[in-house]
Amino acid sequence: MNVPAQLKYVDTHEWLRAEADGTITVGITDHAQEALGDLVFVELPAVGRKLAVGEACAIVESVKAASDVYAPIAGEVVAVNEAVPAAPESLNTKPYEAWLFRVRPADPKALDGLLDAAAYEKLIG
Amino acid sequence: MQKRTPLNEVHRAAGARMVDFGGYDMPVHYGSQIDEHHAVRRDAGMFDVSHMRVVDIAGRGARDFLRFALANNVDKLTVPGKALYSCLLRDDGGVLDDLLVYFLREDLFRLVVNAGTADKDVAWLRALAVTRAPQLTLTARDDLAMIAVQGPQARAKLWQALPGTEAASAALKPFNGVDADSPLGTIFIARTGYTGEDGFEIVLPAEKAVAAWEALRAAGVRPAGLGARDTLRLEAGLDLYGQDMDETVSPFAAGLGWTVDLASPRDFVGKAALVEDPRAVGFVGLILTDTGGVLRAHQKVVTAHGEGETTSGSFSPTLGKSIALARVPAEVAAGDTVTVLIRDKPLAARVVKPPFVRHGKVLVT
């Protein structure tokens, strides 16, 4: 299972990456895509939407089933990756490139305290 | 305790993702469900269907008994090896199970029933036999395994994998089976399946299943899981027991009216109820024409003639669109546009007559 060391993680299987401009990029993990199976539909939140922690804010549907993607941190959606709904299978083939949305965090220290790669690996172990 | 087929270790060794199905620990896919689906449509794939139960009905009067027990008429089976698809009904016309019945000899008929319903079916048939045909013996054949080899290249690859089987099975017509000599001993080969493609289903002693599977694999048949099996049968417009119909549903409300023989004068379990069935419900295919989600079971369908519900739905790898089977008012016709509620969002879908796909060809627009 691929768990890149430089990313942060939450137990609902989203990954997070801090960008230079202070925003945070969010996607789903390799473990998540593997569990979901072949992905065929993705719905992303609207740009400008304010997210609370744990709020269902995107939908990914595989051939098998529909699943919610939860906001791992609070903040405002500032960008979404339109390439993913156009090619949902990219979540299966490159889950750490096929990011879903970018958030300007309400709390600049939002990533502190989230799981690092080692802790996430242990969780899915 | 979950039951395991003789191929369980082989699936696990191949890295299959396993799920519970009908009480059995079964492979849902070996990596990509969509790739496995395409392999069956374009080349050859195989499914472990050993979770399904073979039930042999032996003795004098087996045909008479089944003429009464099944909704389809076993008198259609005139040649040994011939198979018939039928529903097993309750007295009120509800579907206890759907099954294949093979005529092997006048004193030996073979049923192939679903995994989750097998125990119930056997108990039901035994109770029926006590009063109508106590001389019959019903045997659930736990000593047998079953492998479905499906796809345009399935037959050729099976003949390659199990040399010597071609002579007996080359001339088999659809829905016929035959005993064939193979390197693994005598195996039963039937030209049947659940995918809408050509192919064989083979029945063999459980202890030969791994050798057969390995030989088929070596001949280039791709292992496929229950995930692909579900999207293939959905594209083929074939019902799944427990999802598209169950004991509360009449065969007419599940698109299975064609399997019910009301033409002959014979009596059968459920007949009286079906004669009275108002046929108010139709069973159709849907293709999602809007984007916004994937059709799934139990979504509300709004039509010009009233409401209905999807019974099965998924993404069709062959069409590249979402499709469903749905129970709707009888007036709903192919070509109509209906609305399906997905997460409360109204999305347009077109009504079609199943099957969606057969023999690799898309049949709907």
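Trainee: How much area is buried between chain A and chain B?
Mentor: The size of an interface is often given as the accessible area lost when the parts come together. In this predicted model, carbon and sulfur atoms give 49% of the area buried between the two chains. The total buried between chain A and chain B is about 1,200 Å².

Trainee: Which residues of chain A lose the most area to chain B?
Mentor: On the side of chain A, 13 residues are in contact with 15 residues of chain B. Three residues of chain A together account for 42% of what that side buries, and those that lose the most area are Asp38(A), Val63(A) and Lys64(A).

Trainee: Is Pro45(A) buried or exposed?
Mentor: Pro45(A) lies in the loop between S4 and strand S5 (50-51) of chain A, and, leaving aside residues up to four places away in sequence, Pro45(A) touches Cys57(A), Ala58(A), Val77(A), Val80(A) and Phe101(A). Its relative accessible area is 5%, and the cut-off for this class is under 20%. Therefore Pro45(A) counts as buried.

Conventions: Residues numbered from 1 in each chain as written. Chains lettered and ligands numbered in written order. Predicted model: local features only at pLDDT ≥ 70, side-chain atom pairs only at ≥ 80, totals over all residues. Heavy atoms only, no water. Contact = heavy atoms within 4.5 Å. Buried area = accessible area lost by both parts, 1.4 Å probe. Helix = DSSP H or I, 4+ residues; strand = E, 2+ residues; numbered from the N terminus. Buried < 20%, exposed > 50% of the residue type's maximum accessible area, 1.4 Å probe, protein only.
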